[in-house]
Amino acid sequence: MDATETSSLRRALIPFALAQFICSFAGSNMNVMINDISEDLDTTVAGVQLAITIFLLVMAALMIPGGKLTDRVGRKRCLTVGLLVYAVGALLSAAAPGLGVLIIGNSILEGIGTAMLIPPVYILTTLLFTDVTSRAKAFGAISALGGIGAAAGPLIGGFITTAISWRAAFVFQAAVVLLIAVLSRRWVRDPLPPDPTRPTDPVGAVLSALGLILVVSGILAADNNGWLMLGLLVAGAAVLTWLFFMIRAKERVGKPVLLSTELFRNRMSNLGMVTQCAQWLMLMGTSFVVSAYLQVERGYNAIETGVVFTATTAGLLLSSLAAERFARRRAQRTLILAGFLITVVGVVLLLTLVFASGSVWAFIPGLFVIGFGLGGMLTPSVNVVQSAFGENLQGEISGLSRSVSNLGSALGGAVAGTILVAGLGTQPGTAYVLAMLAVGVTGAIGLVAAWFLPDRPAPAPAGAGPDRSAPAPA
């Protein structure tokens, strides 16, 4: 690879990383606007939580179909359209007169835009960075910016909200997204032409989205109606089970499917995706719970809450910058194990120091440790999943991996957020403890999954190399 091509790839990485940053930022920056949005739009904490969760859920539900769409319309075109849809949603959110319009703009349009633009980011990275080392570095940069965006969301959002208005935070998102569109138009190339004749699986796409929506809706209904929660969870599990068996039946007769079942037969990939889901659940769950508790119970404003989260950003940034050096010295499994151990310690600190001291400084050590632990394992988890398959399945596993991560984000707001919101009005201290315990239990689940990860990836199956004559599946 000559110097010109290397420089071109580095330029392309800038809009890719910025895209992941702003989408992750969007998932967490609203956490510090809870009081401002509630008062301005005459809604409640639960209403804001619903908007945040729907945004994350729409991303998770549509990420896999979004990945499939890239082959038919082209990866770069899908990226551009996704950015424009996102920008429209952000501007509509900025002008929202009520919660309903905010949900349409932020939760629906921004969610759809994200589901269209993120799969091309990972698929184009796979296609443009052809050797394993450069691809690992590229994925590391993108996933690190995503983690930093999620961690820095409260700080940046809090500053903008306090200095100007919560509405200006959405204008900021629109401006960044339009900048990404300009940069991608100049610096990003699609190495493969679109294939409008490529077969799709619309029924599978609908069932996958419906199943995920039912599951997360069931969790959100937990504090209102136990029977409704159970019914939605059972219905969601039934739809997803039906989808799995339908895909297997279609594969036997050679029909196009949403996802190859081969993706679920790899132990390393399956465990890696469990760790990804757990990491994002912990990050987004902690962000929502601590933000809501500080604003509703302690009376902090947006910028004060955001400043507290500087500790998380600092920890995550520090470990992300050292991730490459860690990777040269330790196995991916070791880094993920250490990350979960450190993050669980951070949760314990948040539970003990906060009640040992009434000072806001008591939140700082726990948030810093959580950020440091998460930053050290976000990239290894992505590499573990991506490296489990040959190049012919990189597109599909990228879409599935992003969907699982976004599902973790949605569950963070749904599970921990629902526990907290249910007790804020009556027993806020108890609700905070129970919500953070849920985050800690998730860390323990991730730790177990990381423990069973193989020390080294199994060799790619025969025939798993790239097929240069046809577009890579998405």
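**Spaces and helix packing**

Guide: Let's begin with α10, which gives the largest share of the lining of the second largest pocket: six residues. Keep in mind that this is a predicted model.

Visitor: How much space lies in that second largest pocket?
Guide: About 680 Å³. The second largest pocket is lined by 25 residues, and the closest to its centre are Leu212, Phe264, Leu400, Val404 and Leu407.

Visitor: Which helices each supply at least two residues of that lining?
Guide: For the second largest pocket they are α8 (202–220), α9 (226–252), α10 (267–297), α16 (394–424) and α17 (428–451).

Visitor: And how do the lining residues divide into nonpolar, polar and charged?
Guide: The lining of the second largest pocket has 21 nonpolar residues and four polar ones.

Visitor: Switching to cavities. How do we even find empty space in there?
Guide: A probe the size of a water molecule is rolled over the atoms, and that shows where empty space is left.

Visitor: OK, how many cavities of 30 Å³ or more are there?
Guide: The count is three. The largest cavity has a volume of about 140 Å³. Its lining has 15 residues, and Gln20, Ser24, Met59, Asn406 and Ser409 are the closest to the centre of the largest cavity.

Visitor: Which helices each supply at least two residues there, in the largest cavity?
Guide: α1 (3–28), α3 (45–73), α5 (99–128), α10 and α16.

Visitor: What about the classes of residue lining the largest cavity?
Guide: Seven are nonpolar and seven are polar.

Visitor: What volume does the second largest cavity have?
Guide: About 50 Å³. The residues that line the second largest cavity are Ala150, Ala151, Pro154, Leu283, Thr286, Ser287, Phe309, Thr312 and Ile370. Two or more of the lining residues come from α6 (132–163), and α10 also gives two or more.

Visitor: And by class, what lines the second largest cavity?
Guide: Six nonpolar residues and three polar ones, with no charged residues.

Visitor: New topic: helix packing. What describes two packed helices?
Guide: The angle between their axes, and the distance between the axes.

Visitor: How far apart are the axes of α10 and α14?
Guide: They are 12 Å apart, and α10 packs against α14 (residues 332–356) at an angle of about 20°. That makes the two helices, α10 and α14, roughly parallel. α10 passes α14 in a left-handed crossing.

Visitor: Does Val45 count as buried or exposed?
Guide: Buried: Val45 has 16% relative accessibility, and buried means under 20%.

Visitor: How far apart are Val45 and Asn31 in sequence and in space?
Guide: Val45 and Asn31 are 14 residues apart in sequence. From C-alpha to C-alpha, Val45 and Asn31 are 9.9 Å apart in space.

Technical notes
Residues numbered from 1 in each chain as written. Predicted model: local features only at pLDDT ≥ 70, side-chain atom pairs only at ≥ 80, totals over all residues. Heavy atoms only, no water. 1 Å grid on protein atoms, 1.4 Å probe; cavity = no way out; pocket = protein on both sides within 12 Å on 5 of 7 lines; lining within 4 Å. Points joined across faces, edges and corners; volume = space filled by probe spheres on them. Helix = DSSP H or I, 4+ residues; strand = E, 2+ residues; numbered from the N terminus. Nonpolar A, V, L, I, M, F, W, Y, C, P; charged D, E, K, R; others polar. Buried < 20%, exposed > 50% of the residue type's maximum accessible area, 1.4 Å probe, protein only. Axes fitted to C-alpha atoms, helices over the stretch in contact; angles between N-to-C directions. Parallel < 35°, antiparallel > 145°, perpendicular 65-115°, else oblique. Left-handed = near helix turned anticlockwise from the far one by under 90°.
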